[in-house]
Amino acid sequence: MAEEDVKLLGVLGSPFVCRVQIALKLKGVEYQFVPQDLQNKSEELLKYNPIHKKVPVLVHNEKPINESLIIVEYIDEAWKGKSILPADPYQRALARFWAKFIDDKVFIAAWKSVFTVDKNEREKNVEEVHEAFQILEDELKGKFFGGEEFGFVDIAAVNIAFWVPLIQEVAGLQLLTNEKFPKLYKWSQEFMNQPTIKECLPPRDPIFGFFKSRYENLLASAN
Amino acid sequence: MDSSDNEQVRLLGKWASPFSNRVDLALKLKGVPYKYSEEDLANKSVDLLNYNPVHKKVPVLVHNGNSIAESLVILQYIDEAWNNHPFLPQEPYQRALARFWCKTLDDKILPAIWNACWSNEKGREKAVEEALEALKILQDELKDKKFFGGETIGLVDIAANFIGYWVSILQEIAGLELLTIEKFPKLYKWSQEYINHPVIKEGLPPRDELFAFFKASAKK
């Protein structure tokens with residue numbers, strides 16, 4: 001195999017970047033993590049992602065790939081080893097559908113349920129998150145979304161397992177709880193305890209601290 | 001195995017929707033026979049609610065009793081379930097690029113153009129600027145290729161049906177000049193190749209009817 005040059009442009013604490021780190025770890029790919037300052041975007045970031053100027057960006061032998069789920073699919077196809085997506089076309093379609101559902105219906109609503117000043121707006125988003133979680137709760141049939149082993153959808157849902165509990169604690173909300181969504185809650189605990197996942201999650205305290213100060217600044221600016 | 005029952009392919013769609021049309025085009029390019037049903041979203045059918053309970057939207061593809069929703073997910077499914085006329089190249093990086101452009105079409109390019117065409121006077125200038133920027137990004141990606149897929153229609157071309165066909169109608173209704181031969185010669189040329197492609201031509205909804213449909217919406 002030719003020299004593999006793999007770089008990941010990212011920030012510590014981003015669930016999207018974390019998805020890619022999990023995929024790389026799963027395939028045993030060695031890479032260089034290049035931390036970015038999103039307030040002061042590097043030339044490298046602008047060169048590799050001129051359209052969206054966001055992280056994560058995977059650069060493989062100088063070729064950039066953007067968008068976390070697209071990167072994960074790329075990693076699955078470019079490297080042998082444990083499969084992330086199933087082989088069957090219909091199962092693959094379901095995996096892509098549910099990953100998109102998580103992107104469209106969970107991320108923004110979860111964020112807005114915490115980091116919004118307007119009370120009505122906040123409540124509306126909490127409701128949306130609950131609706132989305134109920135749908136996922138009903139969908140979760142086995143141990144993981146991927147079945148006996150975790151797969152594409154579980155990796156896509158890493159923000160639910162790690163980030164949602166942090167931001168809900170910051171704001172004193174109940175988004176993901178054992179009482180409301182027992183299967184989803186159990187999933188989150190199982191998932192975060194998987195060795196591969198554990199190694200890819202950022203440290204809890206600094207991330208919590210980051211969200212807490214952001215939340216407090218938001219409340220302060222509203223008064 | 002009774003092939004006619006097991007291979008039954010159904011598309012629940014809306015004739016004027018580019019998202020629904022993407023699936024028509026994909027099935028026609030693969031030469032897959034299917035049954036089409038026009039859905040009334042104001043009065044959702046039992047089938048629609050059954051096959052897409054999560055979003056209750058079209059398009060929905062049903063194949064061998066399995067239902068798939070979300071147009072880009074459906075397109076990739078069709079490409080993987082039927083091996084002829086591949087929509088994606090073999091090489092992983094090229095595949096990733098194609099997926100990226102499909103997503104960028106949906107997340108950035110289509111909304112920018114749609115907003116410009118439906119913008120009121122107040123937001124018009126900025127909306128048009130964003131739409132032109134979006135078209136430039138797309139043209140830069142096309143470069144000198146005949147199609148986004150190269151010599152043949154690929155996943156991005158199918159996903160870009162809105163650009164190839166709907167934009168010309170919507171911009172006329174809005175009185176805007178977005179995709180023109182002067183502003184975007186390469187992308188314009190692509191749109192002409194696209195709508196004249198023998199399979200695509202048969203798969204697109206009739207222009208007069210589409211024009212009338214959107215013009216009526218504009219009046220409301």
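B:Glu130 and B:Lys126 sit four residues apart, about one turn of the helix, in α6 of chain B. The two residues form a salt bridge whose closest N and O atoms are 2.8 Å apart. The model is predicted, and over all chains the count of salt bridges comes to 28.

**Salt bridges within a chain**

- An α-helix has 3.6 residues a turn, so residues three or four places apart point the same way.
- In chain A, the side chains of A:Lys25 and A:Glu199 meet in a salt bridge of 3.0 Å, N to O.
- A:Lys25 belongs to helix α1 (residues 15-27) and A:Glu199 to helix α9 (residues 195-200) of chain A, so this pair ties together parts that are 174 residues apart in sequence.
- A:Lys25 is partly exposed, with 40% relative accessibility, and A:Glu199 is exposed, with a relative accessible area of 55%.

**Salt bridges and the two chains**

- B:Glu70 forms a salt bridge with A:Lys100, with 3.5 Å between the closest N and O atoms.
- B:Glu70 is in the loop between β4 (66-69) and α4 (71-81) of chain B, while A:Lys100 is in helix α4 (residues 89-114) of chain A, so the pair joins two chains.
- A:Lys100 is partly exposed, its relative accessible area being 30%.
- A network of salt bridges links A:Glu73, A:Glu77, A:Arg92, A:Arg96, B:Glu80, B:Arg95 and B:Arg99.

**Helix α9 of chain B**

- Helix α9 (residues 185-196) has twelve residues and reaches 17 Å from its first C-alpha to its last, close to the 16 Å expected at 1.5 Å a residue.
- Its buried residues are B:Leu187, B:Trp190, B:Ser191 and B:Tyr194.
- Seen down the axis of α9(B), these buried residues fall within an arc of 100 degrees, so they line one face of the helix.
- They pack against α2 (18-30), α6 (121-142), α7 (155-159), α8 (161-174) and α10 (198-203) of chain B.

**A buried residue in chain A**

- A:Ile155 lies in helix α6 (residues 152-156) of chain A and is buried, with a relative accessible area of 1%.
- Beyond its neighbours within four places in sequence, A:Ile155 contacts A:Arg19, A:Ile22, A:Leu26, A:Ile84, A:Phe150 and A:Phe191.
- The C-alpha atoms of A:Ile155 and A:Val20 are separated by 8.6 Å, although the residues are 135 apart along the chain.

**A nonpolar surface patch in chain B**

- B:Trp15, B:Tyr36 and B:Phe213 make a nonpolar surface patch of about 250 Å².
- B:Tyr36 lies in strand β2 (residues 35-38) of chain B and is partly exposed, with a relative accessible area of 32%.

Methods: Residues numbered from 1 in each chain as written. Chains lettered and ligands numbered in written order. Predicted model: local features only at pLDDT ≥ 70, side-chain atom pairs only at ≥ 80, totals over all residues. Heavy atoms only, no water. Patch = residues over 30% accessible without salt bridge, like charges linked within 9 Å, V, L, I, M, F, W, Y side chains within 5 Å. Areas by Shrake-Rupley, 256 points an atom, 1.4 Å probe, with all protein chains shown as cover. Salt bridge = Lys/Arg side-chain N within 4 Å of Asp/Glu carboxyl O. Buried < 20%, exposed > 50% of the residue type's maximum accessible area, 1.4 Å probe, protein only. Expected span 1.5 Å × (residues − 1). Arc of directions from axis to C-beta. Contact = heavy atoms within 4.5 Å.
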